[in-house]
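Here is a short report on one protein chain. Please look over the sequence and the model before reading on.

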Amino acid sequence: MNAEQSPDARRTQAINQWLDAVFAMYPLENTGFMRTREDRFANPVGHALRQAAEALYDAVTGADTEREAINAALAAMVRVRAVQDLRPDQAVGALFLLKPILRELFLVDALAAGDFRGYLDMESRVDTLALMAFNLYVADREAVYAERVAEQRRSTAQLRRWAERHGLVAPVGPTSASCDVS
C-alpha cells in the first residue's frame, strides 16, 4: 500500500464513516443531535463515542496504542451503551460496524499489495475488541441491575418503616420475647 492508502491517511474518513454508522443505530431524533453537537456537556454520548472511536480505530489498525488507553476507550463506549438499556448485540455490535468500512477502504489495496494477512489482522482485532466489549458490557449491566435491586430494597424498607410507624403492619425483626431452643 502506498502512503495515501494507509490506515493513517484514511483515519479521519474511516472514523467518520464508523461514527455515522454507530449514530444511525439511535432513533432518528437523536441521530442529528449526536452528529452535530461535539460539546462533551451538551452531548456526552456523542462525545464519548467520538473519543472512543479514535482510540479503537488506532487499536484495530495496529497503531502503537497502550492497553490501558484501549481499555478506557472501550469501557467508555460500552458503559454509555450499557446504561441505555440496549441489547448486547446492539451495544457490542457497534464495533462490528467497522468491518465493512475496513473492507471498503483497505481490502482491495491490501490484496493488490499482497498484504492480505495484514488486512485479516485488522479484522481479527475488531473481533478481539468485541469480545472485550462484551465482558465490559456484562459487568456494567450487572452493576446497573445491582443498583436497581439496592434501590428497590431501600424503597421497600422505607415503605415498611413508614407502615410500621402508622400501625399498618406488624414490626419485623427481633422481638422482646425470647425463644428457648432445646
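**Confidence.** The model is predicted. Mean pLDDT for the chain is 83. Of its residues, 85% reach 70 or more. Helix α6 has the highest confidence, at 94. Helix α2 (residues 28-36) has the lowest, at a mean of 58. Where pLDDT is low, predicted coordinates should not be read in detail.

**Helix α7.** This helix covers residues 116-165. It has 50 residues, so at 1.5 Å a residue it should span 74 Å. The end C-alpha atoms of α7 are 74 Å apart, which agrees. Gly167 follows α7 and has a positive phi, near 70°.

**Two residues.** The table sets out their accessibility.

| Residue | Relative accessibility | Class |
|---|---|---|
| Leu97 | 26% relative accessibility | partly exposed |
| Asp140 | 13% relative accessibility | buried |

Asp140 sits in α7. It counts as buried because its relative accessibility, 13%, is under 20%. Beyond its neighbours within four places in sequence, Asp140 is in contact with Val78, Arg79 and Ala82.

Leu97 lies in the loop between α5 (88-96) and α6 (98-112). Its 26% falls between the 20% and 50% cut-offs, so Leu97 counts as partly exposed. Which residues does Leu97 contact, leaving aside neighbours within four places in sequence? They are Trp18, Ala21, Val22 and Met25. Leu97 and Asp20 are 77 residues apart in sequence. In space, C-alpha to C-alpha, Leu97 and Asp20 are 9.8 Å apart.

How values were computed:
Residues are numbered from 1 along each chain as its sequence is written. This is a predicted model: local features need pLDDT of at least 70, side-chain atom pairs count only at pLDDT 80 or more; totals for chains, interfaces and linings use all residues. Side-chain values use heavy atoms; hydrogens and water are left out. Helices (H or I, at least four residues) and strands (E, at least two) are DSSP runs, numbered from the N terminus. Buried means under 20% relative accessible area, exposed over 50%, partly exposed in between (1.4 Å probe, protein chains only). Contact means heavy atoms within 4.5 Å. pLDDT is the predictor's confidence in each residue, from 0 to 100. The expected span of a helix is 1.5 Å times one less than its number of residues.
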